[in-house]
Amino acid sequence: MRLGDYYEGYYKGYMRYLAPGTAQGYDGDWRNHIAGEFAAWEMEDIRVRHINAWLASDHFAGVPGAARSAYKTLRQILRSAMGDELYSDEVVDSTTRVYVCSPTKQTASLAARLHVEAWGTYSVTGGRPIG
C-alpha cells in the first residue's frame, strides 16, 4: 500500500481522536514535508537510507525543528500502519537508526563524501538517533 493511500484512507481518520493542535501539526507535516517525498512510495519500499537522505536534504534548510517534527510524524504514520497490519511483516521497521540533523556546512561536506547507501548505517552529521 502506498503511504499516501494509507494516510488518506486510515491515518486521517485516527487524527479525529487527537487534540486539535496535534492533528493540525501532523497534517501540516504531512502536507509541507512528507507527502511530496513519500506519498507515492509503497510503504515497504521506504528504508532508513531514504529517510536519512530526505532528512539531510536541502528541503529542511532554514526551517529550525522541521526535520525533527516531520520525522516524528512519518514515524507515527509508519508505526500506525504496522499496527494496522498493512505494513509487510518481512520488512524491518524503517524508522529505527534514523538520524535527525540540522543542515550545516559540515553536514553538506560530509554528505557529499558519503554514498547515500551508507546513510542507513552511519550518521551523516554525528547527530543523535531519534527513536
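Author: A salt bridge here is a side-chain nitrogen of Lys or Arg within 4 Å of a carboxyl oxygen of Asp or Glu. This is a predicted model, in which local features need pLDDT of at least 70 and side-chain atom pairs count only at pLDDT 80 or more, while totals for chains, interfaces and linings use all residues. Residues are numbered from 1 along each chain as its sequence is written, and side-chain values use heavy atoms, with hydrogens and water left out.

Reader: Happy to start! What pattern does the chain follow along the sequence?

Author: Helices (H or I, at least four residues) and strands (E, at least two) are DSSP runs, numbered from the N terminus. The chain has 5 helices and 2 strands. Along the sequence, their pattern is α-α-α-α-β-α-β.

Reader: Which residue pairs with Asp 27 in a salt bridge?

Author: Side chains of opposite charge can pair when their charged atoms come close. The N to O distance is 3.1 Å, and the partner is Arg 31.

Reader: Is Asp 27 buried or exposed?

Author: Buried means under 20% relative accessible area, exposed over 50%, and partly exposed in between (1.4 Å probe, protein chains only). Arg 31, at 52%, counts as exposed. Asp 27 has 19% relative accessibility, so this residue counts as buried.

Reader: How far apart are the closest N and O atoms of Lys 12 and Glu 8?

Author: Lys 12 and Glu 8 both sit in helix 1, 4 residues apart, so they are separated by about one helical turn. Lys 12 is partly exposed at 36%, and Glu 8 is partly exposed at 48%. In their salt bridge, the closest N and O atoms are 3.6 Å apart.

Reader: And how many residues apart in sequence are the parts that Arg 2 and Glu 42 tie together?

Author: The side chains of Arg 2 and Glu 42 form a salt bridge, at 3.5 Å from N to O. Arg 2 lies in the segment before helix 1 (3–14), and Glu 42 in the loop between helix 2 (20–38) and helix 3 (48–55), so the pair ties together parts whose separation in sequence is 40 residues.

Reader: Last one: what share of the contacts with a separation of 6 or more comes from residues 24 or more positions apart?

Author: Contact means heavy atoms within 4.5 Å. For the chain's contacts with a separation of 6 or more, residues 24 or more positions apart account for 68%.
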